[in-house]
Amino acid sequence: MMNRKASYYKSVVIGGSAGSFSIVSKILAGIKSDFRYPIIVCLHRLKHIRSGLLEGINLKSNLPVLEPFDKDNMEAGKVYLAPSNYHLFVEFDSTFSLSTEEVHNHSRPSIDYTFSSASTSFREKVIGIILTGANKDGATGMHEIHKKKGYTIVQDPLTCDVDTMPKAALQLFTPDQILSPDGIIEFLNNL
Amino acid sequence: MGNLTFKTYLEELKKHTPYNFCEYSDNSIQRRIDKVLKDHKMTLEDLLHLTRTDEAFVENLVDEITVNTTELFRNMETWEHLYTKVFPNLKSKKNINIWHAGCSTGQEVYSNLILFNELGLLDKVKVVATDINQKVISNAKKAEYLYSAHQSSIQDYNEFIKKYNSNAHTFEHYCDMEKNTDKFVFKDFLKKKVGYMRHDLVSQDIPFYQKFDVIFCRNVLIYFNPELQMRIVRKFFDKLYDGGVLILGNHEALHGFFKTRFIRSGMVYTKSSTFQFKYK
Ligand SMILES: C[S@@+](CC[C@H](N)C(=O)[O-])C[C@H]1O[C@@H](n2cnc3c(N)ncnc32)[C@H](O)[C@@H]1O
């Protein structure tokens, strides 16, 4: 990290399944309010719960959290939550595209899709973080970030309620770091 | 040809066929093409060869590239808004012209017709529905669907309509259930209201002379890049009466110039007449 310039990264992408809500909340509550990258969060949602997920996450977050509209620009210091029932893609010009195509790994939004589009568009300038989850969605996306030389962090399976997601990622490649939620917060605050 | 990219492929597709996907959103069109390559176990070079030589293959390709997912009463809150706030304003009109652009397999069209019938306005309604994909247009015409795939939307509709009118027809009034199968088909009095047509928003002019009171274009523009979106929205703007409405999908927005030419309420964008139009 040492020799990478200020504002090197274009975004941080975080993925987890429905159960990772409390971890994401914790991370966003712990992150400093002057954080200078956009954060994209893709969480699996329980079907047919018209959730207060956005409200819930916003409650404690130090950064504003919003569900992007199609072709919105991403801005530093904002958190973008993938809207329910849409896949969220990152485009080359730092805008978002939405899609309603078929579920992937039983999921829409799919973490793989968001992650792999971020790695296609930003190549090494992306930080991928995969959290606790009960599904392998996200592992392939993380692997792609890794292959394009982005920075990868997997939540320590020992700190996960359900470790299927992190373990699926660890089976595919060796990430730059394996961290606890507190470790992730510290890492982000030192970027 | 070793370094053929999906962009140059799209240029070739445009040159050799009526189809132009060059200005679709990069990431999603690229992934759709990758999916085609994977499904057919072919290279981009193979794909290009077939594109140049095999017309039937190209038609099938359009079906594979386009995203046709749809639902009955998709995003119920939008339909609720239309039923309570928007459509009742059309009562005084002699005719109500409606266009569904990118109608896919027709669920959106029949959802809408049901609401107009519930408002007692079905007789005034003239509906056209278009899509680039010939296959989905044929299916929309058939109006035949699987009950199990639509069950939860049907329940949502029945709950919604009873909330506003305890004498309302339930969904079952509008279709015939096929005995011993999972299929249902919409009744003729709805089906015959719709003129379906294959039409490409990108490379063809709008094929209608009349203007519209309501244009649905939901979850179609998300597949286009911002410049293309703008060009298509301009066409819609020109084809709407003053006070007419454009209905977009749940997380779509108008950007740039047209943001100021429509008044937004939820996903419903009302064309503001040039006379009323003032900067605040
Ligand atoms: C996701 S579906 C939306 C269906 C419906 N409007 C809804 O929201 O449920 C998108 C549709 O747009 C159609 N489409 C894509 N490009 C088009 C074009 N250039 N012209 C007309 N239709 C197009 C696709 O074939 C597909 O059926």
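**Close-up views of a predicted two-chain model**

**View 1. Helix H4 of chain B and the helices around it.** The buried residues of H4(B) pack against helix H1 (6-16), H2, helix H3 (44-53) and helix H7 (134-142) of chain B, where contact means heavy atoms within 4.5 Å, and where helices (H or I, at least four residues) and strands (E, at least two) are DSSP runs numbered from the N terminus. This is a predicted model, in which local features need pLDDT of at least 70 and side-chain atom pairs count only at pLDDT 80 or more, whereas totals for chains, interfaces and linings use all residues. Residues are numbered from 1 along each chain as its sequence is written, chains are lettered from A and ligands numbered from 1 in the order in which they are written, and side-chain values use heavy atoms, with hydrogens and water left out. H4 spans residues 55-65 of chain B, and its buried residues include Phe57(B), Val58(B), Leu61(B) and Val62(B); buried means under 20% relative accessible area, with a 1.4 Å probe and protein chains only.

**View 2. The interface of chain B and chain A.** Here 30 residues of chain B are in contact with 24 residues of chain A. The two chains bury about 2,100 Å² between them, 49% of it on carbon and sulfur atoms; buried area is the accessible area (1.4 Å probe) that two parts lose on being put together, summed over both. Asn27(B), Arg31(B) and His251(B) supply 33% of the area that chain B buries against chain A, more than any other three residues.

**View 3. A salt bridge across the interface.** Glu101(A) and Arg31(B) form a salt bridge whose closest N and O atoms are 2.6 Å apart, and the count between the two chains is 3 salt bridges; the term stands for a side-chain nitrogen of Lys or Arg within 4 Å of a carboxyl oxygen of Asp or Glu. On the side of chain B that touches chain A, helix H2 (26-40), helix H8 (147-164) and helix H10 (226-239) each supply at least two residues, and H2(B) gives the most, with 6 residues.

**View 4. Chain A.** Chain A holds 6 helices and 9 strands, and its C-alpha atoms fill a box of roughly 45 × 35 × 30 Å, taken along the principal axes. Of its 191 residues, 59% count as buried.

Terms used:
Buried < 20%, exposed > 50% of the residue type's maximum accessible area, 1.4 Å probe, protein only.
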